[in-house]
Amino acid sequence: MNKLVLILFLISVVSLKSQQKLAFSFGESPQTLLLNPGAETNFRSHYGIPMLSDFSFDIGLTGFNLNDLFSNDSRAFKTRFEEVLNKINSTDYMSFNTKIDILNVGFRLNKKTYLSFGFYEELDFIGYAPKDFIELFYYGNEPFLNRSFSLSQVSLKGDFLGVLHAGISKKINEKLNVGARVKIYSSSINIESLNNSGTFSSSTSNENIIRQSLNNLNGQVRTSGIVDSDDEFIDSPGEYFSKTFLGSNMGLGLDFGLTYHFTSQLEFTASLLDIGFIRHSKNTKNFNIDGNYVLDGLNFEYDASSLSNYWQQVEQDFRDRVITEETQEAYTSWRPMKINAALKYSFGEKRDKTCYSKTHKQYYYNAIGFQIHNIMRPIKPQFSFTSFYEASLSKKIHTKFTHTINDYSSIIFGAATSLQLGKLSVFGGLDNLLGVADVSTANSIAFNFGFNIVID
Amino acid sequence: MNIYIKNVVTIFSLCFLISCTDNLNFDDINLNADPILTAPLIYFELNQDDFYNSTTDTEIPMITDTSDFKVFKSSAIRNDVFKVVFDFEIENRFDRSFEINIVFFDGNDNITRTIPSFTIGSQDLNYVASDSIEISSLPLFLSSRKVRVEVKLDPSSSQIDPNIYQIIKFKSTTTLHLSL
């Protein structure tokens, strides 16, 4: 029975869901190195199972959940949509991130140095709710006289890229371990509309009954990788994937991390990930709009000696004052930098572990702590605070239970496990256990798993 | 494994296995947006000398002006509009009453709609009028491409005096009711 429950648990966790932040500072699995290049490693080498060495999926929605929109009740969909529209605000967002490790290998260079390298593909998207423009489109401007609709609410960023990386983790002394990783980004697709500004308004006026105004309009949409050199949209998935490996738009990034032991029981870990950029110079297609415009209507002059085409005048005046253009200019996009940090206090029964060099390391069976996880996003950082409890069921089976507070919810419970099956190291984790019971009411679901061969 | 851990494991396992979204309904997604768009249309300000021919020293009883009206050139608008409303606000500081006639034409100068004329009495500073067109009753209106506004002074014993500053102020908006 014990084994049955255990197997059930492992299958559930590993094959379903969790979140990468669960893996941070946990279990000494090879994946930890991708989240903290300064993580301690106590194995001689590792070989990730291609495509399965690290897979993570994370989707989140703030402001409403699926149940708000699609609940099976007697209300019309239109009513539910309007309630959701009323509920959300312009800082609500939908984010999506998935990573799949194609290759991940590491080996010990010497007693103090561990090298790792590999290649993974990442799909990342965040889009904020442009509430003003959704309402403008849905209700029109007539119900909102004298209200300004802000273009700054239009903010989104999406990337599909491949990352070739190499990292080093070095033990400085018994207390400190530091690490760094260099990354070469190959962007396949980038779409971003950031830092837009300006307003549209319809207001009462002295000249006419109403006046429409575009004030300080400055907007842009930048894309790369979605059109080919002939300006035709690329519709071949194979071409998108091929560009993730040393494709045409390249970038450079760095990760830094450390592990510091204040005492044998108190450990601090931290990392800065994806401090980097991508230069998009090929297959770019950008759209810009810039200007100011005031429309009072067609000003009839009743000048018989000089007949005017008022409509044409307005159109020309608009074109002169509000400049729209399509360009192929190169641009630079910044990677969403991540900040992780954890403070962990270990306690309880001690255990020994034989490490790669036949030395022994002491561990504790239990630990508590907290960690922060922050992603720099266009409008505001995505911040999570997690408290956790770790328990080792044996020398080879470790579990972690978490409670997270973030934009999505203040009651996100997660669980993760790391275990060693012979040479096979398995990691799996799921965030938002309560949400899994009914996904429709959850604002976020995330999971992460990985299979690696680890040589002690 | 102690009993506590076993219980936790069992609960989590059950959570994953009973994960469901059965209470969602994706069959009933029918979202019709009904935006109402309003925009300024025609405005003008006329002085008394706009109705006076200084060469012949005579009154001009009627003046007209015309413009393109391209709202319905957009097929998106043509397909989705079901009602058009025109609102007018007129301020008459003349000592004369006058009549306004607004006529829409298609590209071949055929009349598509004549808004019932309205008369604004002398010194009426707050005249308002409205005209609503249901497209289902007058689909021909969607072929409108020009608009003419005629301002016609009513006959009177009182003559226009270009030396006195008195104005007529005309304002209007178009409101489109769409069903998307």
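Colleague: What share of the residues in chain A is buried?
Modeller: This is a predicted model, and in it 54% of the 456 residues in chain A are buried.

Colleague: And what does chain A have in the way of helices and strands?
Modeller: Chain A has 9 helices and 22 strands. Its C-alpha trace spans about 100 × 50 × 40 Å along the principal axes.

Colleague: What about its surface and its contacts?
Modeller: The accessible surface of chain A is about 19600 Å², and carbon and sulfur atoms hold 61% of that. Among contacts in chain A with a separation of 6 or more, 69% link residues 24 or more positions apart.

Colleague: Let's look at a helix. Which residues of α5 in chain A are buried?
Modeller: In α5(A), residues 77-87, the buried ones are A:F77, A:R80, A:F81, A:V84 and A:L85. They sit on the same side of the helix, because they cover an arc of only 140° around its axis.

Colleague: Why would residues with that kind of spacing point the same way?
Modeller: An α-helix has 3.6 residues a turn, so residues three or four places apart point the same way.

Colleague: Nice. What do those buried residues pack against?
Modeller: The buried residues of α5(A) pack against α4 (66-70) and α6 (131-139) of chain A.

Colleague: Then tell me about α6 in chain A: which of its residues are buried, and what do they pack against?
Modeller: A:K131, A:D132, A:E135, A:L136 and A:Y138 are buried in α6(A). The buried residues of α6(A) pack against α5, β5 (148-150) and β8 of chain A. After α6(A) comes A:G140, with a positive phi near 85°.

Colleague: You mentioned β8 of chain A. I have my eye on A:S203 there; is A:S203 buried or exposed?
Modeller: A:S203 is in β8(A), which covers residues 197-204. A:S203 counts as buried because its relative accessibility is 17%, and the cut-off for buried is under 20%.

Colleague: What does A:S203 touch?
Modeller: Leaving out residues up to four places away in sequence, A:S203 touches A:N146, A:I209, A:I210 and A:R211.

Colleague: Switching to chain B. What is the strand order in the open sheet of 4 strands?
Modeller: The order is β5-β10-β7-β8 in chain B, with antiparallel pairing. At the edges are β5 (62-68) and β8 (111-120) of chain B, each pairing on one side only. On average, neighbouring strands of this sheet are turned by 15° against each other, direction ignored.

Colleague: Remind me, what do strands of a sheet pair through?
Modeller: They pair through backbone hydrogen bonds, either parallel or antiparallel.

Colleague: How many bridges join β7(B) to β8(B), and how many join β7(B) to β10(B)?
Modeller: There are 7 bridges between β7(B), residues 98-105, and β8(B), and 8 between β7(B) and β10(B). On the β8(B) side, B:I102 has B:I115 as its bridge partner, and B:F104 stands opposite B:R113. In β10(B), the bridge partner of B:F105 is B:K146.

Colleague: What lies between β7(B) and β8(B)?
Modeller: They form a hairpin with 5 residues between the strands, and B:D109 in the turn has a positive phi of about 65°.

Colleague: How many residues of β7(B) are buried?
Modeller: 8 of its 8 residues are buried. One face has B:F98, B:I100, B:I102 and B:F104, and the other has B:E99, B:N101, B:V103 and B:F105.

Colleague: Which residues have the most contacts inside the largest nonpolar core?
Modeller: Those are B:F44, B:F72, B:F86, B:I100, B:I102 and B:F118, in a core of 43 residues. The elements giving two or more residues to this core include α8 (310-321) of chain A and β2 (42-47) of chain B. β6(B) gives the most, with 5 residues.

Colleague: Where else is there a core?
Modeller: A second, separate core of 13 residues includes A:F70, A:V84, A:I88 and A:Y138.

Colleague: Last one: where is B:F141, and what is it in contact with?
Modeller: B:F141 is in the loop between β9 and β10 of chain B, and counts as buried because its relative accessibility is 0%. Beyond its neighbours within four places in sequence, the contacts of B:F141 include B:F72, B:F86, B:F104 and B:R113. B:F141 and B:F105 are 36 residues apart in sequence, with 8.6 Å between their C-alpha atoms.

How values were computed. Residues numbered from 1 in each chain as written. Chains lettered and ligands numbered in written order. Predicted model: local features only at pLDDT ≥ 70, side-chain atom pairs only at ≥ 80, totals over all residues. Heavy atoms only, no water. Pairing = 2+ DSSP bridges. Axes fitted to C-alpha atoms, helices over the stretch in contact; angles between N-to-C directions. Buried < 20%, exposed > 50% of the residue type's maximum accessible area, 1.4 Å probe, protein only. Arc of directions from axis to C-beta. Contact = heavy atoms within 4.5 Å. Areas by Shrake-Rupley, 256 points an atom, 1.4 Å probe, with all protein chains shown as cover. Core = buried A, V, L, I, M, F, W, Y, C linked by side-chain atoms within 4.5 Å.
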